[in-house]
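The sequence and structure come first.

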Amino acid sequence: MPEIIHDSAIRNPAAGAAEGLTEFRRQEALLKTGALQNAILNSANFSIIATDEKGIIQLFNIGAERMLGYLAAEVVNKINPSDIHDPQEVMARAQALSLELATSITPGFEALAFKASRGIEDSYELTYIRKDGSRFPAIVSITALRDDYDGIIGYLLIGADNSVRKQVEAELINAKAAAEKANLAKSDFLSSMSHELRSPLNAILGFAQLMESGTPLPTPAQKASIDQILQAGWYLLELINEILDLALIESGKLSLSQEPMSLVDVMLECQAMIEPQAQKSGIRVSFPQFDGPYFVKADRTRVKQVLINLLSNAIKYNRARGTVEVTCSASTANRIRISVRDTGEGLPPEKLAQLFQPFNRLGQEASAEEGTGIGLVVSKRLVELMRGEIGVESTVGVGSVFWIELNVAAEPQPASGSDEPLAPNQARVLHGAALRTLLYIEDNRANMQLVEQLIARRPDMRLLSAGDGTRGIALARTHQPEVILMDINLPGISGIQALKILRADPATAHIPVLAISANAMPHDIKRGLEAGFFRYLTKPIKVNEFMEALDMALELAETELDGAINPGGL
């Protein structure tokens with residue numbers, strides 16, 4: 001049969017060649033598309049299941065066969081995908097969707113396809129059940145298949161084995177639980193260690209303070225020995241506090257009270273605290289003269305802690321008759337920089353790189369200056385928790401500049417009310433007044449003796465004592481003391497339990513109760529104050545702090561007594 005040649009090809013051979021090339025490329029593209037579709041459908045890594053509009057399986061690829069153990073012939077035109085899911089999970093999904101979408105959804109394939117049928121993109125995590133009954137978690141994406149008229153002709157479900165991810169998640173959860181358990185154990189250990197160390201320190205520092213200020217005054221030789229005891233004791237307490245601070249920061253349990261605070265006030269307090277150390281070391285310290293208010297958003301106590309650490313280091317590691325200069329300036333529109341410049345030996349680059357490492361004193365371990373190597377680490381973490389920054393610049397032979405930057409805050413507005421300053425709380429001791437009673441509930445004999453000697457210096461007071469909470473409650477009911485001093489860890493009932501009993505009894509509910517304990521972790525103090533203690537004092541006792549708290553409690557007791565005697569204010 002003769003070959004038919006189109007007129008266009010005869011008239012224009014080039015056009016005919018172009019049409020032939022286009023047709024060849026189209027056929028090639030179709031072959032590639034078909035090969036790609038086959039490759040997708042035959043993928044062993046994903047289950048691809050297609051259903052008709054009623055949910056009956058029409059396509060079950062090799063990946064689905066390998067994943068679920070069924071042959072395509074066993075499921076096509078026979079079952080729907082919900083039949084190979086965990087029925088309890090399908091029922092739970094139906095109930096959850098019914099609540100979410102405010103419509104009744106039947107457990108079964110409708111629960112799987114409901115969102116997709118409404119044009120909502122959907123994927124879910126459910127358990128697949130293999131032919132042999134074994135189970136595995138799967139994540140499935142479901143899409144509605146539509147014809148040219150937008151009518152649903154079926155559904156496409158693409159699933160992946162989620163076992164590895166679930167295993168990793170389980171391992172992470174277990175690891176997190178183990179880490180939290182370890183952190184809790186460490187926190188409990190540190191709290192216990194703090195208590196055990198503070199109890200003997202209370203006796204050491206308390207009696208040393210009594211000896212230092214006793215009558216007659218100690219001889220110069222005795223005074224020198226007492227000073228050594230106090231210096232070593234307070235240093236050991238500082239070490240305990242720094243280790244606990246570091247542990248709390250690392251465990252994420254350190255709470256900060258960030259609010260607008262005056263740098264001017266904090267600087268004045270730091271100056272008063274640091275000048276005795278500077279004078280003793282022969283170091284001249286200069287502080288800035290502020291030309292206006294400087295307020296930053298930070299925790300006042302922690303800012304003081306950081307500045308005192310930087311100032312103390314600048315004095316300790318300075319040269320003889322050196323200087324320390326404190327400056328304060330705006331580094332940016334939103335930040336204030338405080339710099340502490342010393343005239344020490346300075347640090348080479350390799351030592352600068354080792355700063356802010358725990359227990360690293362940069363070779364100063366053999367020096368005469370005491371130190372833990374923890375202070376700078378704690379300072380760095382505290383500044384960062386306050387969303388600030390800390391840094392250092394140093395030149396060998398010239399000195400170092402340690403600086404911190406804190407975020408600027410607006411000056412707080414004064415509260416409405418009287419502008420008169422509040423007078424300090426002081427107990428009124430009147431000539432010929434009746435003795436006021438302090439009841440001390442404590443099971444440690446050394447602590448009891450220390451408070452006995454402290455109260456012996458108060459001619460306006462007498463001391464009652466009890467060795468446990470039950471006995472203390474009985475004495476409080478009988479003698480009606482003005483103030484109660486309560487240890488927390490008592491034999492029998494704890495100090496907190498004893499406080500609850502005192503507060504529940506109308507006869508003792510009005511008595512201010514001071515807690516005094518070697519449990520000095522922040523959560524211990526918070527728990528004590530929340531329980532209702534008037535103040536929470538930590539051991540070792542600081543004599544001035546103890547006397548001030550006692551005066552405040554006596555002032556409160558006297559006020560409440562006046563109110564009870566003269567309720568109308570006449």
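A patch, as the word is used here, is made of residues with over 30% relative accessible area and no salt bridge, and nonpolar side chains are joined within 5 Å. In this predicted model, Val-164, Val-168 and Leu-172 make a nonpolar surface patch of about 290 Å². Val-164 is found in helix α7, residues 163-212. Its relative accessibility is 60%, so Val-164 counts as exposed.

**Salt bridges**

The whole structure contains 23 salt bridges.

| Pair | N to O distance |
|---|---|
| Arg-165 and Glu-169 | 3.1 Å |
| Lys-304 and Glu-269 | 2.9 Å |
| Glu-384 and Lys-380 | 2.5 Å |

Arg-165 and Glu-169 are separated by about one helical turn because they are four residues apart in helix α7. Arg-165 is partly exposed at 37% relative accessible area, and Glu-169 is partly exposed at 31%. Both residues belong to a network of salt bridges that also links Glu-125 and Lys-166.

The salt bridge between Lys-304 and Glu-269 links distant parts of the chain: Lys-304 lies in helix α10 (residues 300-316) and Glu-269 in helix α9 (residues 263-281), 35 residues apart. Lys-304 has 21% relative accessibility and counts as partly exposed; Glu-269 is partly exposed as well, with 27%.

Glu-384 and Lys-380 both lie in helix α12, four residues apart, or about one turn of the helix. Glu-384 is partly exposed at 40%, and Lys-380 is partly exposed at 26%. The buried residues of α12 (residues 375-385) are Gly-375, Leu-376, Val-377, Val-378, Ser-379, Leu-382 and Val-383. Arg-387, which follows α12, has a positive phi near 60°.

**Asp-52**

Asp-52 is placed in strand β1, residues 47-52. Asp-52 is buried and has no salt bridge, the nearest side chain of opposite charge being Lys-54 at 6.7 Å. A polar atom of the Asp-52 side chain does lie 2.9 Å from the backbone nitrogen of Lys-54. Leaving aside residues up to four places away in sequence, Asp-52 touches Gln-58, Ile-153, Gly-154 and Tyr-155.

**Gly-252**

The loop between α8 (220-251) and β6 (259-262) holds Gly-252. With a relative accessible area of 62%, Gly-252 is exposed. Gly-252 and Leu-385 are 133 residues apart in sequence, while their C-alpha atoms are 10.0 Å apart in space.

How values were computed. Residues numbered from 1 in each chain as written. Predicted model: local features only at pLDDT ≥ 70, side-chain atom pairs only at ≥ 80, totals over all residues. Heavy atoms only, no water. Helix = DSSP H or I, 4+ residues; strand = E, 2+ residues; numbered from the N terminus. Buried < 20%, exposed > 50% of the residue type's maximum accessible area, 1.4 Å probe, protein only. Lys, Arg positive; Asp, Glu negative; His and termini not counted. Salt bridge = Lys/Arg side-chain N within 4 Å of Asp/Glu carboxyl O. Polar contact = N/O pair within 3.5 Å; in protein donor to acceptor, adjacent residues only side chain to side chain. Contact = heavy atoms within 4.5 Å. Patch = residues over 30% accessible without salt bridge, like charges linked within 9 Å, V, L, I, M, F, W, Y side chains within 5 Å. Areas by Shrake-Rupley, 256 points an atom, 1.4 Å probe, with all protein chains shown as cover.
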